[in-house]
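Colleague: Please take a close look at the side-chain pairing in this model. I would like one connected account, with the cut-offs stated.

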Amino acid sequence: MAKKRSKQEYPLVEINWCDAATYGAGWQSIEVHRDNAKPINAKSAGYLIEANKNHVTIVQTITQDNDGRATDPLSIPRIWVKQIRYLK
């Protein structure tokens, strides 16, 4: 079993990243899709629990009783990440 770490051992971060997006359903001209379909600039914050060359993962909440539980994970492909800012 992995060693449980306290909440303080996971830095609080804000990640600026580019997300895939879809616009409009149904049959439309290729020009309409091309002109309107753009990636979305996103900003997410949480506790950084994993960062490697492939992805970064944050969670929204970590329990305070050091039982190793967390909720609401978000993994973002590293290539989509523009910036990671460490919060105090």
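Modeller: Tryptophan 80 is partly exposed, at a relative accessible area of 33%; buried means under 20% relative accessible area, exposed over 50% and partly exposed in between, with a 1.4 Å probe and protein chains only. This is a predicted model, in which local features need pLDDT of at least 70 and side-chain atom pairs count only at pLDDT 80 or more, while totals for chains, interfaces and linings use all residues. Residues are numbered from 1 along each chain as its sequence is written, and side-chain values use heavy atoms, leaving out hydrogens and water.

A search of the whole structure gives one aromatic pair. Rings of Phe, Tyr and Trp (its six-membered ring) pair if their centres lie within 6.5 Å; planes under 30 degrees apart are stacked, over 60 edge-to-face and the rest tilted. The ring centres of tryptophan 17 and tryptophan 80 are 6.4 Å apart with planes at 5°, so the pair is stacked. Tryptophan 17 lies in strand S1 and tryptophan 80 in the loop between strand S4 (70–77) and S5, so parts 63 residues apart in sequence are tied together. Strands are DSSP runs (E, at least two residues), numbered from the N terminus. Tryptophan 17 is buried, at 8%.

Strand S1 (residues 12–19) also holds glutamate 14. Its side chain meets that of arginine 85 in a salt bridge, 3.2 Å from N to O; the term requires a side-chain nitrogen of Lys or Arg within 4 Å of a carboxyl oxygen of Asp or Glu. Arginine 85 lies in strand S5 (residues 81–86), so this pair ties together parts 71 residues apart in sequence. Glutamate 14 is buried at 14%, whereas arginine 85 is partly exposed at 39%.

How values were computed
Helix = DSSP H or I, 4+ residues; strand = E, 2+ residues; numbered from the N terminus.
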